[in-house]
Amino acid sequence: MCSSPKGGRGNRPRSAPSKSFSEGFTTQQRARFTDVANRAQERREQRLATNKRWQKSQHNDINNNVESIEHHSPKAGMFSWFSEIFSAHS
C-alpha cells in the first residue's frame with residue numbers, strides 16, 4: 001500500500017539544535033549586532049527615499065519634455081500660424 005508507514009526516514013535526530021543564532025552572543029556582541037542592524041536599516045530607508053525623489057524628478061522631467069515638445073512641435077507651429085492668418089482676416 002502507498003500510505004503505509006516507511007521505516008527509518010522520519011526517526012532521525014536533528015543534526016543541529018534549533019535555537020536562535022543570537023543565543024550564543026554576549027551582551028556586547030548583541031549590542032553591536034543591534035547597532036549595525038539599526039544603521040543598516042537607516043541607510044536602507046535613506047536609499048529608498050532618495051530613489052523615490054529621483055524617480056519623481058525623472059517623471060517630472062519627462063512630463064516637462066512632453067509639454068515642451070507639444071508646444072514647439074511643427075504641428076503646433078503650423079496651427080498657430082494658420083490661426084493668426086485666419087484671425088487677422090476676420
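Biologist: How many helices and strands does the chain contain?

Modeller: In this predicted model, the chain has two helices and zero strands.

Biologist: What makes the contact of Asp35 with Arg39 a salt bridge?

Modeller: The closest N and O atoms of Asp35 and Arg39 are 3.4 Å apart. The criterion asks for a side-chain nitrogen of Lys or Arg within 4 Å of a carboxyl oxygen of Asp or Glu, so the pair qualifies. The structure holds one salt bridge.

Biologist: Where do Asp35 and Arg39 lie?

Modeller: Both belong to helix H1, which covers residues 27-72. They are four residues apart, about one turn of the helix.

Biologist: Why is Asp35 called partly exposed?

Modeller: Its relative accessible area is 40%. Buried requires under 20% and exposed over 50%, so Asp35 falls in between.

Biologist: What percentage of the chain is buried, and what is its accessible surface?

Modeller: Buried residues make up 0% of the 90 residues. The accessible surface comes to about 8900 Å², with 56% belonging to carbon and sulfur atoms.

Note on methods:
Residues numbered from 1 in each chain as written. Predicted model: local features only at pLDDT ≥ 70, side-chain atom pairs only at ≥ 80, totals over all residues. Heavy atoms only, no water. Buried < 20%, exposed > 50% of the residue type's maximum accessible area, 1.4 Å probe, protein only. Areas by Shrake-Rupley, 256 points an atom, 1.4 Å probe, with all protein chains shown as cover.
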